Amino acid sequence: MNSSDSPIWRPFTQMKTTPPALKVVRGDGIWLELEDGRRVMDCISSWWVTIHGHAHPALAEALYHQAKQLEQVIFADFTHEPAEQLARRLLTHLPNSLTRVFFSDNGSTSVEVALKMAYQYWLNQGEPRTRFLGFEGGYHGDTIGAMSIGGSCDWWQPFRPLMFEMDMVPFPATFDEDSEVENTENQVLEKIESCLKRDRYAGIFIEPLIQGAGGMRICRSQFLRSLQDLAHQFGVLLIYDEVMTGFGRTGELFACLKSNTAPDILCLSKGLSGGCLPLAVTLASEKIYRSFYSDDASKAFLHGHSFTGNPLACATGLTSLTLLEQFPQRFRQLESRHRQYLNEHLKEHPRVEKIRVCGTIAAMEITTQEQSGYFNTIGSHLRDRFLELGFFLRPLGNTLYLMPPYCITDDELESVYQTIRKVLDTI
Ligand code: PMP
């Protein structure tokens, strides 16, 4: 079947104007092979998930063995070894304050779980709190709760009447050679403090170190430490959405480790299964867990999904963790490579500004006549041009970013930068 005859309604796509989807027949490391024989380099790890590249043999092997053993089981009354092991191993890599692991199956659900957990934590203690604080430009998923917490993404406008109210403060986004960063951070911290003085919040949600879909906006570790101080001072739960930043993306295994901070609740997905199957976890501190632990059934956390803790996904998750433990240099070294090639090929380019790098992620703004933002049309133009040249990049409006699988070689990474330069020279 030709993709234009396809009955499939694609995500984030205006079906009337979009060209037919490209059919992928095979993946191999950073490469995607298309039906027509073309090879395309996946420079954004297929929505930031395939951290080890496509069709990794060790992940395939883990999947095969687990599929022969146990493919799926209801997780309310049963457990299984891959989930038990994965939960324990994750905890060994995370701050000691996190002690409990709640499974679900995608990034949005891990955030919904965090939201409900934080809300019920206060309720169970007889001190109901309904307000949450979030950051402008935040993105936490596309379900109604997760959208509400993000709240400020341009493309959610039609759903606003369905979303609950949140208080939003600016995100102290910074970039190379930003001389104003401390001022910006202080202003944001003052705003947060005045919110916390005014209202009794249940929790503060943040994508630590880098906001993804909101435009690859980076903040400093110092800011997270000050935020943590305020959360402690006012007794508010600090909730990290590490759905995107987890598993090496920021150059350390987790953004909380890189920033030396410890949230009360932490959401993980995307790279958790090695990026090959849907899986998510929401980790909580013992204090939170204890508030649900009761003889009173109504105090339990009554939430779950059919595929909660799927054994296949947990098995690949274990193998993925082993790969990350064995080859940490793969995600640690990418930052210096990004910097080197940015300096050599793009730093002085007249179309490029606000360069920033955080571990394996590099981003920049492309200047155009149009307003900056998600609806700037340069993004789709650039995506088409890169694709013609064999590179899959998917700019967020005029924000161009790279988030490659960790197996990308130096030469391959340099070829992406050379291509970006070539394309920018023509616009
Ligand atoms: N949180 C963050 C920070 C994300 O980047 C995303 C996905 N881009 C989500 C949550 C939602 O994850 P999912 O698409 O798996 O629902």
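**Exercise 1.** Determine how many nonpolar, polar and charged residues form the shell around the ligand.

*Solution.* By class, this shell holds 4 nonpolar, 5 polar and 3 charged residues. Here Ala, Val, Leu, Ile, Met, Phe, Trp, Tyr, Cys and Pro count as nonpolar, Asp, Glu, Lys and Arg as charged, and the others, Gly among them, as polar. The model is predicted: local features need pLDDT of at least 70, side-chain atom pairs count only at pLDDT 80 or more, and totals for chains, interfaces and linings use all residues. Residues are numbered from 1 along each chain as its sequence is written, and side-chain values use heavy atoms, with hydrogens and water left out. Members of the shell (a heavy atom within 4 Å of the ligand) include Trp-48, Tyr-139, His-140, Glu-207 and Met-244.

**Exercise 2.** Describe how helices α2 and α10 pack.

*Solution.* Helices are DSSP runs (H or I, at least four residues), numbered from the N terminus. First, the geometry: α2 (residues 57-69) and α10 (residues 311-326) pack at about 145 degrees, with axes 8 Å apart. Axes are lines fitted to C-alpha atoms over the stretch in contact, and angles run from 0 to 180 degrees between N-to-C directions. Next, the contact (heavy atoms within 4.5 Å): among the residues meeting there are Leu-59 and Leu-63 in α2 and Leu-312 and Ala-315 in α10. By class, this contact has 8 nonpolar, 4 polar and no charged residues.

Definitions and conventions: Helix = DSSP H or I, 4+ residues; strand = E, 2+ residues; numbered from the N terminus.
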